[in-house]
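Good morning, colleagues. Please look at the sequence and the structure now on the screen, and I shall take you through them.

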Amino acid sequence: MKLVRSLLATALCLAYASAVWAAEGPKKKNWTAPAEKIRAQVLADEIVSQHPELISVTFHGVPPGLEKVYTMFAGSFPDRIGNPDDPDDVDIITKGITIVDPRWHRVNDAVKKFVMMVPLRDAAGENVGLLVLAYKTPSSVAKSETEFFVAASALRDDLKQRIPSYSDLFKPAR
């Protein structure tokens with residue numbers, strides 16, 4: 001009987017939590033992408049197709065014409081485009097720091113990965129946003145934190161040659 005009560009209490013708690021989450025709805029977007037594909041999305045698609053060691057690539061920053069609206073504006077998860085950035089994303093964008101995130105002991109991550117969060121740079125070498133690269137683990141390109149850092153930095157530095165300016169990332173793709 002105690003087991004039945006315990007199971008019933010657990011079920012009620014889960015039902016309540018689900019109802020609360022459903023009432024809150026999905027994360028509120030802070031930006032809407034234009035109807036046409038932008039250049040940054042083409043770059044994200046190309047990077048993923050050319051780098052099988054990656055799970056995902058995302059671009060973050062403040063869309064032109066806005067102030068302090070930090071958002072994901074392109075990447076492997078189209079449904080997440082327009083989601084507000086987390087504080088660590090904003091730190092990378094505003095301070096130009098890099099975060100090496102090996103995802104140790106993350107039991108809620110469905111897929112094992114190693115995440116690199118690096119400042120996005122334009123052709124002039126200026127920090128203009130954030131590039132998040134999620135690598136598969138084990139990885140074909142890196143085994144240590146240093147190797148992931150080197151791989152992500154090289155990918156970012158190759159990419160910067162294709163970014164004449166930050167605003168070009170938001171232009172319609174050709």
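I shall begin with the sheet and its helices, then turn to side-chain pairs and the backbone. Please keep in mind throughout that this is a predicted model.

The sheet is open and has 5 strands, arranged in the order S2-S1-S5-S4-S3 with antiparallel pairing. At its edges are strand S2, residues 71-75, and strand S3, residues 99-101, each of which pairs on one side only. On average, neighbouring strands in this sheet are turned by 25° against each other, direction ignored.

Strand S4, residues 113-121, and strand S5, residues 127-136, run antiparallel and are joined by 9 bridges. Within this pairing, Arg121 stands opposite Asn127 in S5.

Which strands does helix H2 touch? Helix H2, residues 39-50, packs on the sheet and touches strand S1, residues 54-61, as well as S2. The direction of H2 makes about 160° with that of S1. Helix H4, residues 145-160, also packs on the sheet, where it touches S1, S3, S4 and S5. The direction of H4 makes about 35° with that of S4.

I turn now to the aromatic residues. The whole structure contains 7 aromatic pairs. One of them is formed by Phe114 and Phe148: the ring centres are 3.9 Å apart and the planes are at 10°, so the pair counts as stacked, the cut-off being under 30 degrees. Because Phe114 belongs to strand S4 and Phe148 to helix H4, this pair ties together parts that are 34 residues apart in sequence.

Val100, Phe149 and Val150 make a nonpolar surface patch of about 230 Å², and Val150 is found in helix H4.

As for charged side chains, the structure holds 8 salt bridges. Among them is the one between Lys95 and Asp91, with an N to O distance of 3.4 Å. These two residues are 4 apart in helix H3, residues 87-95, so about one helical turn separates them.

Finally, two points of backbone geometry. In general, most residues other than glycine have a negative phi, and most peptide bonds are trans. Here the peptide bond from Thr137 to Pro138 is cis, with omega near 0°; Pro138 is found in the loop between S5 and H4. Lys68, a residue other than glycine, has a positive phi, near 55°, and is found in the loop between S1 and S2.

Thank you for your attention.

Key. Residues numbered from 1 in each chain as written. Predicted model: local features only at pLDDT ≥ 70, side-chain atom pairs only at ≥ 80, totals over all residues. Heavy atoms only, no water. Pairing = 2+ DSSP bridges. Axes fitted to C-alpha atoms, helices over the stretch in contact; angles between N-to-C directions. Contact = heavy atoms within 4.5 Å. Patch = residues over 30% accessible without salt bridge, like charges linked within 9 Å, V, L, I, M, F, W, Y side chains within 5 Å. Areas by Shrake-Rupley, 256 points an atom, 1.4 Å probe, with all protein chains shown as cover. Salt bridge = Lys/Arg side-chain N within 4 Å of Asp/Glu carboxyl O. Phe/Tyr/Trp six-rings, centres within 6.5 Å; stacked < 30°, edge-to-face > 60°.
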